[in-house]
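Colleague: I'm new to this one and would like to learn how to read it. Could you walk me through it, feature by feature?

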Amino acid sequence: MIIERSESQVVYAIVRAGGRQEKVSVGDLVTVDRVPGAAGSTIKLPAVMLVDGDKVTTAADELAKVSVEAEVLENIRGKKIVIEKFKNKTGYRKRQGHRSELTRIKVTSIA
């Protein structure tokens with residue numbers, strides 16, 4: 001009995017975006033902290049690691065040649081976070097809210 005394996009080339013990159021690292025591949029939709037650029041513009045994201053099949057690239061000089069491009073789809077605001085502080089028996093109450101500025105991007109190429 002012969003079993004054939006279909007080896008597909010898995011290509012993904014770990015990129016630095018908005019203060020965090022994200023795992024992305026071509027066609028992924030990712031929500032990151034706000035990046036400069038209007039909807040429809042193209043941005044480049046710095047790669048931290050690249051996986052191309054069995055080859056893993058982490059050297060800084062080789063990663064300088066790698067370009068990960070993404071298209072800005074829209075600038076959005078995150079969900080409202082409510083912060084409430086309360087101290088018993090003293091009448092102290094404090095309420096504060098926060099909404100993060102976010103950008104939704106689509107990865108167009110990893111080269």
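Modeller: Leu73, for example, is found in strand β7. This is a predicted model, where local features need pLDDT of at least 70, side-chain atom pairs count only at pLDDT 80 or more, and totals for chains, interfaces and linings use all residues. Residues are numbered from 1 along each chain as its sequence is written, and side-chain values use heavy atoms, leaving out hydrogens and water.

Colleague: How many helices and strands does the chain come to, and what pattern does it follow along the sequence?

Modeller: There is 1 helix and there are 10 strands. Read along the sequence, the pattern is β-β-β-β-β-β-α-β-β-β-β. The radius of gyration, taken over C-alpha atoms, can be set against the globule rule, which is 2.2 Å times the number of residues to the power 0.38. Here the radius is 21 Å, well over the 13 Å that the rule gives for 111 residues, so the chain is more spread out than a compact globule. Along the principal axes, the C-alpha atoms fill a box of roughly 75 × 40 × 30 Å.

Colleague: Is Thr57 buried or exposed, and why?

Modeller: Buried means under 20% relative accessible area, exposed over 50%, and partly exposed in between (1.4 Å probe, protein chains only). Thr57 counts as buried because its relative accessibility is 6%. Thr57 lies in strand β6, residues 55–57. Lys55 lies in strand β6 too, but Lys55 counts as exposed because its relative accessibility is 53%. Over the chain, buried residues make up 24% of the 111 residues.

Colleague: Which residues is Thr57 in contact with, leaving aside its neighbours within four places in sequence?

Modeller: Contact means heavy atoms within 4.5 Å. On that basis, Thr57 is in contact with Met49, Leu50, Glu62 and Leu63. For the chain, take the contacts with a separation of 6 or more: residues 24 or more positions apart account for 66% of them.

Colleague: Which residues touch the most other members of the largest nonpolar core?

Modeller: A nonpolar core is a set of buried Ala, Val, Leu, Ile, Met, Phe, Trp, Tyr and Cys residues joined through side-chain atoms within 4.5 Å. The largest one has 19 residues, and Ile43, Leu45, Val68 and Ile105 touch the most other members. Two or more residues come from each of β1 (11–17), β3 (29–33), β4 (42–45), β5 (47–52), β7 (68–77) and β10 (101–110). Ile43 is in contact with Val35, Pro36, Val68, Glu69, Ala70, Val72 and Ile105, leaving aside neighbours within four places in sequence.

Colleague: Back to Leu73, then: what does Leu73 touch?

Modeller: Not counting residues up to four places away in sequence, Leu73 touches Leu29, Ala39, Arg104, Ile105 and Lys106. With a relative accessible area of 33%, Leu73 is partly exposed.

Colleague: Which loop holds Lys89, and what is its phi?

Modeller: Lys89 lies in the loop between β8 (81–87) and β9 (92–98). Lys89 has a positive phi of about 70°, although it is not a glycine. At 81% relative accessibility, Lys89 counts as exposed.

Technical notes. Helices (H or I, at least four residues) and strands (E, at least two) are DSSP runs, numbered from the N terminus.
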